[in-house]
Amino acid sequence: MKLHNNIKAICLAGLLMASTSSCSDWLDVKMEDNVMENTLFGTNEGFQVALTGIYISLVDLYTNNLTTGVIDVMAQYYNVTAGNDHSYKTYVTYDFKDQAFVDFAESVWTKSYQLIANTNTLLEHCYDPEAAVKPALKPVITGEALALRAMLHFDLLRLFGPVYSDQTANQKSIPYQKSSAKEIQPLLPASEVLANVIADLEEAARLLKDADPIVTDGIRNEEENDNGLGNDFLNYRNLRLNYYAVQALLARAYAWQGNATKAYEICKNDIIDKITTEEMAVFPWVTEGQVHAEGKPDFLFSSEVMFALYNSKRTSVYSSLFSPALNSKSSRLTFVGANYSDSKFAFFYDDVNDWRREMWQIAEVKATEEGGEDESSLYMNKFADFEQGTTASSTDLYRYMMPLVRLSEVYLMAAEGAPTREEAFSYINTVRLHRSCRDIADENQELIEAVLPEFAREVIGEGQLFYFYKRHALTSIPSGTVANGTFNMVLSNYVLPLPPSEVDKRVMED
């Protein structure tokens with residue numbers, strides 16, 4: 001694939017300039033080596049390598065921790081039970097003292113702050129008046145780096161911070177690291193962390209508005225133009241924190257703050273009203289032909305994905321979490337129930353024409369040795385690879401995408417903050433229209449009752465539903481183990497404790 005080759009080429013450039021063992025080794029602990037650091041940032045290409053290295057390192061953090069596995073299990077999507085000794089049983093019970101949870105928290109915390117420190121190193125060089133980066137490229141790199149710093153902090157806040165409200169806004173949460181220095185930073189009130197997230201995203205949007213080619217040219221995933229850089233650095237904009245993805249993150253942050261009106265204004269005025277013109281649709285709604293493409297159905301609805309990570313090993317996600325080869329009771333992440341009619345599937349999807357239903361299949365019955373399957377079960381192939389023998393083109397990016405921001409979320413955030421219920425339901429039904437579903441009627445239900453099911457159907461496997469529940473402080477959520485049941489959620493289950501290593505460092509400092 002052309003994109004994969006381009007990424008490898010950029011990595012090779014990093015090897016030659018930084019003399020490291022891989023294109024992201026500079027991200028580890030070697031920034032104290034000023035000679036290497038200055039060599040890396042001594043050229044325009046070095047800035048590109050540095051930013052690309054951060055994106056590459058995000059893949060491991062998000063793919064293994066913050067999308068498909070633990071976070072979605074914590075959202076009670078799947079039939080994970082301790083009784084069947086499921087490999088994810090720790091996470092469904094919120095046993096934060098269990099070593100598996102401790103290791104998870106340590107991994108997310110450590111990797112996130114490592115990436116934040118490296119992003120700050122990049123930003124410090126961008127702010128140097130004598131920076132070697134080309135003037136036309138500088139606002140793009142600076143804007144993306146600021147957005148990355150904000151996104152990483154925001155996800156740490158959403159995981160380790162309090163259930164946000166006027167009453168908890170002043171609770172100490174996490175540090176906001178704005179420097180590459182290694183000094184321990186104070187734990188800030190959640191409101192201060194969120195204010196820093198918003199400030200970084202607003203500055204990123206300001207920088208990208210006039211510099212990001214997505215505004216004038218779209219995502220540019222079919223362009224051969226090297227942009228005068230000798231590579232595709234300014235193409236494939238949906239694999240970068242582009243201007244519109246930054247605006248979507250900003251809307252997320254305001255929604256977390258409880259400012260649904262501001263989130264609505266950003267979604268409507270800065271995204272929905274701007275991304276479709278007579279000349280261009282930046283994130284066009286998926287078509288039936290794409291969803292039903294022979295041998296390579298697009299269940300990611302990838303044309304609508306505003307920001308995704310590029311994971312060339314994504315097949316391992318499917319094989320380790322969702323494959324029918326896995327035991328449905330002990331290792332596969334799947335809905336409770338045996339088939340389409342007698343399972344959570346039947347209640348999760350309210351319209352038989354919904355394209356999202358088609359990412360689920362029935363596994364063959366296996367009744368072999370003890371511990372094997374003895375009944376039918378479901379499996380999800382949202383992240384399955386193309387069928388063997390299928391021809392893949394260079395624009396089939398969805399084969400390797402891990403979505404982090406999508407258009408439907410923007411519409412549903414707009415629905416939550418819309419000034420009238422009529423407008424709110426128009427956004428919800430726009431999403432449903434492009435899933436081949438009938439409209440839902442306004443029957444004076446709570447608005448969240450209309451938004452939540454749609455959001456859950458959109459982001460399964462993407463790690464966002466848990467945060468939706470936390471943002472709304474829900475104490476009753478759909479069950480993963482009872483087909484049409486509910487799970488009684490305790491608010492403390494939404495707040496991971498700081499990892500022991502961080503607590504120990506702060507005790508030593510005191």
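These legends walk you through several close-up views of a predicted model.

**View 1. The surroundings of Leu241.** Setting aside residues up to four places away in sequence, Leu241 touches Tyr55, Glu144, Ala147, Leu148, Met151, Leu208, Val246, Leu249 and Phe307.

**View 2. Arg149, a buried arginine in helix H7.** Arg149 counts as buried because its relative accessibility is 7%, below the 20% limit. Leaving aside neighbours within four places in sequence, its contacts are Ile116, Thr119, Asn120, Leu123, Tyr176, Gln177, Lys178 and Asp200.

**View 3. An edge-to-face pair, Phe154 and Trp256.** The structure holds 29 aromatic pairs. In the pair shown here, the ring centres are 6.1 Å apart and the planes stand at 90 degrees, so the pair is edge-to-face. Phe154 sits in helix H7 and Trp256 in helix H10 (residues 243–257), so the pair links distant parts of the chain, 102 residues apart. Phe154 is buried at 4% relative accessibility, and Trp256 is buried with a relative accessible area of 4%.

**View 4. A cluster of aromatic rings.** Here you can follow ring pairs that link Tyr77, Tyr78, Phe322, Phe335, Tyr340, Phe345, Phe348, Tyr349, Trp360 and Phe383.

**View 5. Lys262 over the face of Tyr254.** Look for Lys262 at 5.7 Å from the centre of the Tyr254 ring.

Conventions: Residues numbered from 1 in each chain as written. Predicted model: local features only at pLDDT ≥ 70, side-chain atom pairs only at ≥ 80, totals over all residues. Heavy atoms only, no water. Contact = heavy atoms within 4.5 Å. Helix = DSSP H or I, 4+ residues; strand = E, 2+ residues; numbered from the N terminus. Buried < 20%, exposed > 50% of the residue type's maximum accessible area, 1.4 Å probe, protein only. Phe/Tyr/Trp six-rings, centres within 6.5 Å; stacked < 30°, edge-to-face > 60°. Lys NZ or Arg CZ within 6 Å of the ring centre and 35° of its normal.
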